Amino acid sequence: MWRAVVRSAVVGAVLCVASAVLPGRVAVAAPDVPSYAFADDVRSAPATTGTTGAARLEPGATYRSSLRAEDKAYYRLELDGMSDVYVSVTAIPRAGAALSAGDGISVSVQDADSVTCSSDSVTVGTAVSPQPLTAWGARELLPGKGLCRKAGTYYVVVERTGTGTGSGTGTGTGSGSGEEDTDLSDGRTWDLELAPVSEAPLAKAAATRVPEVWDSSTPTPPVDEPVSVRGGAGFAEAAAVEQGVRSDEIVPGQTLFYKVPVDWGQQLSATVDLGSAQKNSGYAVDALEMTLYNPVRASVKDTGIGYGGSQKSASLPPVPPVGYANRYAPTDPTKSLRFAGSYYLVVHLAAQVADRFGEGPYGLTLRVRLGGSVQAGPGYARQSVPRGFFDVGAPDPVPSGGGSLAGADASGDGASGGDPAMKAVAVGGIGTGSVLLMVFGVWTLTARRRAAQMRVNAQNPTA
């Protein structure tokens, strides 16, 4: 009887887990049709072609929008006079789109008087391979900078650059939640992901002098045994990796995202190795690109390689340690290394590789090293938005194989990570354990009561 109860409890718990997981799972695109994964909690922010009626962006939230080739898109910010605010914009051209080297996006932040606080732009480059393109804008309160310091209304302005229309055969990009725009089927309209972040002021003034001396020697890449990991399909699903060696696979046209926790005073270096192809047919220029982004998704540094079918390796140029005072540097990459937090390594394999060397997949090895020494943070006056955004926090547990849980389960974010389905499985597993403990507890208690009753009956046969 009790075995039947236990079996029923286990089956019921498993069914509960299944019912929690299956409806929420999102279909994954075939490997040869890479897609961009938006955040699960992404909000809609319809673009307007002018400031009137522009959708408001709240720091800490992530938004989905779209941009037509011939339009500017406007979004609104309501800012105080104390915080620095950063807005990254990722544009996703259609898979298979016909692009020119100069096609891309520009992003600027402007005040209510049309004064430009900052601007940035990015293009697809000579590989003309459709891929996520990320640019950013900011309202920064820097000493000696008199513009854009007042509280009030500001605007994020996004527009397409280049002469190409970006038309193509792709019909969809998002694999995350959020409704698809209905006007994207012609390929001329690009999806947008916008991520505003607010950085709090310091509790007390800090040094503004940028360190002039740092270790600029080329570090030796780690040679540990590779641990398997699966790169994410967007910033929100970036696979969490730490110092060490990770192995992955990539197909032509695909972009993979990884995130590395980098604390104050640490110095990140990375190398990417592309495995050999099964056939050798000519040469592909700008075949593989790796870009380093800081926590607010501003580009820090990039590297790229051509490919002739045999294995190739590319390393990021040395960059300075992360420090708050780096924001006062005149140029990048030092200027971009101003925060602790999650830094992103974004790897793209050009679509043209398939034409010469086959559809793949191709072996990918990522080697990450963290130099320098951890230092105390600058001391913010309050929490930034989102909370803890510029903190590294406690590292994930490390499995016996030497890699992080991201590599162990290939989910990209630990045992359950950022995958809602895996989180449901984890919760369901905990629920199953609780049910079993309760059943076994009742079973044990009943057995003990029966044994005690038998002893009483044996001592009192007439009872």
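User: What counts as a disulfide here?
Analyst: A disulfide is a pair of cysteine sulfur atoms within 2.5 Å. The model is a predicted one, and by that rule the count comes to one disulfide.

User: Which cysteines form it?
Analyst: Cys-117 and Cys-148, with their sulfur atoms 2.1 Å apart.

User: Left-handed or right-handed?
Analyst: The torsion about the S-S bond of Cys-117 and Cys-148 is about -90°, so this disulfide is left-handed.

User: Where in the chain are the two?
Analyst: Cys-117 is in strand β7, while Cys-148 is in the loop between β8 and β9. They are 31 residues apart, and the pair links distant parts of the chain.

User: And are they buried or exposed?
Analyst: Cys-117 and Cys-148 are both buried.

User: You mentioned β8. How many of its residues are buried?
Analyst: Seven of seven, counting residues 133-139. Side chains in a regular strand alternate between the two faces of the sheet. In β8 both faces are covered: Leu-133, Ala-135, Gly-137 and Arg-139 lie on one side, and Thr-134, Trp-136 and Ala-138 on the other.

User: How many bridges join β5 to it?
Analyst: Seven bridges join β5, residues 84-92, to β8, and the two strands run antiparallel. Val-87 stands opposite Gly-137 of β8.

User: Changing topic: which residues touch the most others in the largest nonpolar core?
Analyst: Tyr-258, Leu-345, Tyr-362 and Leu-364, out of 40 residues in that core. Strand β16 gives the most to this core, five residues.

User: What is Leu-364 in contact with, sequence neighbours aside?
Analyst: Beyond four places in sequence, its contacts include Tyr-258, Val-272, Leu-288 and Val-347.

How values were computed:
Residues numbered from 1 in each chain as written. Predicted model: local features only at pLDDT ≥ 70, side-chain atom pairs only at ≥ 80, totals over all residues. Heavy atoms only, no water. Buried < 20%, exposed > 50% of the residue type's maximum accessible area, 1.4 Å probe, protein only. Helix = DSSP H or I, 4+ residues; strand = E, 2+ residues; numbered from the N terminus. Pairing = 2+ DSSP bridges. Core = buried A, V, L, I, M, F, W, Y, C linked by side-chain atoms within 4.5 Å. Contact = heavy atoms within 4.5 Å.
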